[in-house]
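Open the model in your viewer and keep the selection tool at hand. The stops below follow one after another.

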Amino acid sequence: MGKKEKKPPPGSSLSNQSQAGQAPAGESASGSAAAAMPKKEEGEGDPKAGAEEAPPTCCGCRFPLLLALLQLALGTAVAVLGFLAAGISSSVLVRDTPHWAGISVCVASLVGFVMLCISYQPDEKTCMQFTVKLMYFLLSTLGLVVCVLAVAFAAHRYLQMTRFTCDTVLKSCQCKVDTEDPLGRTFVYQDAADCGSVTSTLSLYLLLQMVLNLIAALVCLSACFVMWKHRYQVFYVGVRFYPLMATEGQQQKV
């Protein structure tokens with residue numbers, strides 16, 4: 001009877017209810033934000049992980065379109081000049097008519113066009129792509145070596161022809177480098193009555209062969225370099241020492 005119950009102030013119940021309602025709401029909001037963060041990170045990481053590597057380009061074109069076109073044009077020109085030089089006389093040596101160099105460069109260019117028809121996959125994920133790329137690399141290397149040999153043969157013969165002394169004997173042209181040397185080699189060009197036209201025409205063909213084969217060799221070298229750079233442009237130097245350095249740092253901290 002003597003004790004009186006203390007009544008809470010009229011606004012305290014409302015404030016307690018509002019605080020109790022805000023606490024779960026805040027916890028739910030923080031929980032939803034925490035749950036949303038990993039989803040966002042996963043969403044951002046997926047495109048990067050699933051993105052495929054772009055195919056290599058050369059001067060804005062997909063590799064090896066430009067180089068294969070140059071190889072085809074230069075190889076065709078070298079082969080045509082070689083056959084034209086062989087038509088001057090039936091006794092012209094094969095090394096003086098390097099149509100074989102042009103044919104090898106044309107074959108390399110055709111393999112390059114085949115590589116364009118195959119869908120690009122980074123790091124040679126398909127056996128077909130790896131085989132075609134290896135064939136194109138080897139054929140371009142072969143074309144480089146063959147074109148350099150053709151340039152050397154043409155340059156040697158051209159230097160000899162600048163010192164030729166020719167005479168017409170029985171509808172054939174006989175030329176010697178040194179007429180006073182009885183043991184000197186005699187170059188005979190059959191079915192060529194006019195020695196002047198034969199030597200001048202053949203000298204012009206040899207000059208063109210030197211220029212075209214030199215350009216073709218540079219193009220084949222560029223193709224090999226681009227393929228090598230795209231495949232082995234990153235060198236992992238010092239990676240083996242990183243775990244050792246990490247363990248040493250951990251031991252020092254302990």
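Predicted model: local features only at pLDDT ≥ 70, side-chain atom pairs only at ≥ 80, totals over all residues.

Next, select residues 134–155. Here too the span is 100% helix and 0% strand, with 32 Å between the end C-alpha atoms.

Go back to helix α5 and pick N213, which is found there. Is N213 buried or exposed? N213 is buried, because its relative accessible area is 0%, and the cut-off for buried is under 20%. To see what surrounds N213, show V78, P98, A101, C147, A150 and V151: these are its contacts once neighbours within four places in sequence are left aside.

For a contrasting stop, select I103 in helix α3. I103 has a relative accessible area of 42%, so it counts as partly exposed.

Now turn to the largest nonpolar core, which has 37 residues. Select Y136, F164, C173 and Y189, the members that touch the most other members. Then colour the elements that give two or more residues to this core: helices α2 (65–86), α3 (99–117), α4 (127–161) and α5 (195–232), and strands β4 (172–176) and β5 (186–190). Which element gives the largest share of this core? It is α5, with 13 residues.

Stay with C173 and show its contacts. Leaving aside neighbours within four places in sequence, C173 is in contact with C166, D167, F187, V188, Y189, A192 and C195. One of these, Y189, is also among the core members that touch the most others.

Finally, clear the selection and look at the whole protein. Its secondary structure comes to six helices and five strands. Followed along the sequence, they give the pattern α-β-β-α-α-α-β-β-β-α-α. The protein has 254 residues, and 29% of them are buried. Of its contacts with a separation of 6 or more, 66% are between residues 24 or more positions apart.

Conventions:
Residues numbered from 1 in each chain as written. Heavy atoms only, no water. Core = buried A, V, L, I, M, F, W, Y, C linked by side-chain atoms within 4.5 Å. Buried < 20%, exposed > 50% of the residue type's maximum accessible area, 1.4 Å probe, protein only. Helix = DSSP H or I, 4+ residues; strand = E, 2+ residues; numbered from the N terminus. Contact = heavy atoms within 4.5 Å.
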